[in-house]
Amino acid sequence: MIAVHNLKKNYGPNTVLNIETLEIPKGQSFGLVGNNGAGKTTLFSLLLDLIPPTTGHIENNEVQVNKSEAWKPFTTAFIDETFLIGYLTPEEYFYFIGELRGRNKADVDALLSQFEDFFHGEILGQKKYLRDLSKGNQKKAGIVASFIGSPEVVILDEPFANLDPTTQIRLKSIIKELAATEGVTVLVSSHDLMHVTEVCERIVVLNKGEIVKDIETSAETLKELETFFGG
Amino acid sequence: MFKRFIQLQWKAFFRSASFGKSVGIKIFMAFMGLYLLASLGILGGTLYFILRKLVPDQGPMWVLSQFLVYWVLAELFFRYFMQKLPVMEIKPLLINNIPKSKIVNYILGKSVFSGFNLLTLVTFVPFAIVLLAKGYPALNVLLWLLAMTVIALCANFLNFLINKSDVALGIIIGALVAFWGLEYFGIISIKAIFGPIFHALYVYPIAVLAPLGILVVLYFLNFKYLQRVLYLDGALKGKTKEAKSTNLAWTRRFGEMAPFLQLDLRLIWRNKRTKTQVWISLLFVFYGLIFYTQEVYANMVGMHVFLGIFMTGIFLANFGQFIPAWDSAYYGMMMSQNIPLRKYLESKALLITVSVVVMFFLTIPYVYFGWKVFLVNTACAVYNLGINIPVILYFGSFNKKRIELDQSPFGNMQGTSAVQFLIMLPVLGLPIALFTLLHFLISFEIAISVLVGLGILGYAFKGRLLDLVTEQYAHKKHAMLQGFQQKNG
């Protein structure tokens, strides 16, 4: 589904990302871990063509993302709160996103009804603008918005941060289900090794912009990662 | 401890976001500030002579005293809107080893040095100097000046106490209107009541103790109040307004443009800065009154074109020049979505078009000042529609400065860069130059026709022009995204 070719991103003399090759097959739940500054968000931003690559390119379903925009209809993302529109209520935001992705109000309502558990009564019908919601609730709204419009690729940057334990557990099952039953390619980054190992079939470790580990998740993966980061 | 607070203040000032702005904007803002101070200073310096001339049979001090009650009320009115106690800044101090009373004294103390208090001094110090030069008794004049300063401080502290209550605002406005009405219709002479009170501050130097007493009481009340509410769920709690959902179903008829139109309408109504701009734009309709009524400008066609472009295009300028920076906070999301950029721009163009038409209708009464005024305004409106809308949208792609929507609109230069000043050249300068030249070389009629013709031509090729603008936005995408991410640009 996603193929990275000789991708390099420089800022001045510093190379912040340097990936020779990376293939992510369709329907895989893919985890990206690394310390601060490892290049996780940079890779996601390149995938969404929010920043241009210095050299090389990424293909998303055979569409070269920095050349064509044809990847947009089947790709969604939630990177951070800047993906939200602060002065809208959550409902208005969902409908707006729905509209951009060719879904009418009824479609969006149908989708939202599946996430009532996940929202825990704190998102819909609150008479609050997104800017006035807590960080955790903002995140919930953003994550669910990225499920609107039957995407084939979902990119979530640090989805577990700021969420309460109940929501974390629910999100894990949502992500697993998306990849397993609907064939959605899910890309997740996290600082929490436990969460990614639980959710992702495959984990890639970035360090200073380079891939240093590429593991199929197994029972030993968490140990392996802990040893790697621990010292 | 006090020294540390001063240091903190020093850093807060020199490291503030507005201080880091580009040199051009700093100079511009400094210039505006100086201009305001200079105007007040000159007013204060000449006030004595103005009053002498207006009311020759009464002492200037007496005349001034009669109006001071209005001065104080007006001051309270402006402070109500523009001055807030910066309580949020002290949040980091709360959990540190500093007694609460000291924190409270610190924020109350630093409010004494606010620019609002300076305004009184800048006005009345020159006035006092003139009085002294004219041989008024020094003791009386200086203590009067002290009393005025203390009254400004009273207003300062009173404002913090009443600031959150709409009732208080009602009382201030009510008092202003009622006093003026009672005076005007000769029912009760407010001047006769308050005049002697304020005059007493000059005649009896000891009377300065009265405002001083009030000041002490107000400070004490503020102190007690703040000490009581200095909690995260008290004064330090950010205010949240209840959200009102609107579905704006009528926008549906605009088809693919509808979601963007809804977004723009909500953007304008739900954010302070944009909302204020709508009101300011509407107020600018009266701008013409200043010039049309003066003989000097009656035959200056350039001035008329300026007014025409300006009045019908004020929203175009105010709102348009910051497109797409209004969406800067979430521009990354927009760019990762499958949005038709063209529709996004068309929605903005439609909004501005509506504003130009509305402003044009509002300027129609100026026909009172002659048919030529009306014709010029019409031509300018057409020119704005056809040429200036695409031009301003095109220049929008050079915007790289982020705008935080929820910040106060007053004196907010966020998002401003050299681009904004450069835009004004083609938008305002070109039609004025063109019109003046044609009017001078050929005739008024030809000049009007050319402006209208250009506007219609632009409107006819609107589709093609918007295509060009769309291409430009796509081309500049990454530069814009990068710029919008810089928080304190």
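## Exercises on a predicted two-chain model

B:Trp371 and B:Phe374 sit three residues apart in helix α18 (residues 371–396) of chain B, so about one helical turn separates them. Keep this pair in mind as you work through the exercises; the model is a predicted one.

**Exercise 1. Classify the ring pair B:Trp371 and B:Phe374.**

Solution. A pair of aromatic rings is described by the distance of the centres and the angle of the planes. Start with the total: over all chains there are 43 aromatic pairs. For B:Trp371 and B:Phe374, the ring centres are 5.6 Å apart. Next, take the angle: their planes stand at 90°. Planes over 60 degrees apart count as edge-to-face, so the pair B:Trp371 and B:Phe374 is edge-to-face.

**Exercise 2. Describe the contact between chain B and chain A.**

Solution. Begin with the residues: chain B brings 30 residues to the contact and chain A brings 28 residues. The size of an interface is often given as the accessible area lost when the parts come together. Here the area buried between chain B and chain A is about 2800 Å², with 56% of it from carbon and sulfur atoms.

Now turn to the polar side. Between the two chains there are 12 residue pairs in polar contact, both residues being at pLDDT 80 or more. On the side of chain B that touches chain A, at least two residues each come from α11 (258–270), α16 (331–336) and α21 (462–485) of chain B. The most is given by α11(B), with six residues. Sorted by class, that side of chain B has 13 nonpolar, nine polar and eight charged residues.

**Exercise 3. Find salt bridges between the chains and within chain A.**

Solution. Search the whole structure, and 17 salt bridges turn up over all chains. Between chain B and chain A the count is four salt bridges. In one salt bridge, the side chain of A:Glu99 meets that of B:Arg252 at 3.0 Å, N to O. Within chain A, the side chains of A:Glu122 and A:Lys140 form a salt bridge at 2.9 Å, N to O.

**Exercise 4. Locate a cis peptide bond and a positive phi.**

Solution. Most residues other than glycine have a negative phi, and most peptide bonds are trans. Check omega first: B:Ile323 and B:Pro324 are joined by a cis peptide bond, with omega about 0°. B:Pro324 belongs to the loop between α15 (314–320) and α16 of chain B. Then check phi: A:Glu62, a residue other than glycine, has a positive value near 65°. A:Glu62 is found in the loop between β4 (55–60) and β5 (63–64) of chain A.

Definitions and conventions
Residues numbered from 1 in each chain as written. Chains lettered and ligands numbered in written order. Predicted model: local features only at pLDDT ≥ 70, side-chain atom pairs only at ≥ 80, totals over all residues. Heavy atoms only, no water. Contact = heavy atoms within 4.5 Å. Buried area = accessible area lost by both parts, 1.4 Å probe. Polar contact = N/O pair within 3.5 Å; in protein donor to acceptor, adjacent residues only side chain to side chain. Helix = DSSP H or I, 4+ residues; strand = E, 2+ residues; numbered from the N terminus. Nonpolar A, V, L, I, M, F, W, Y, C, P; charged D, E, K, R; others polar. Phe/Tyr/Trp six-rings, centres within 6.5 Å; stacked < 30°, edge-to-face > 60°.
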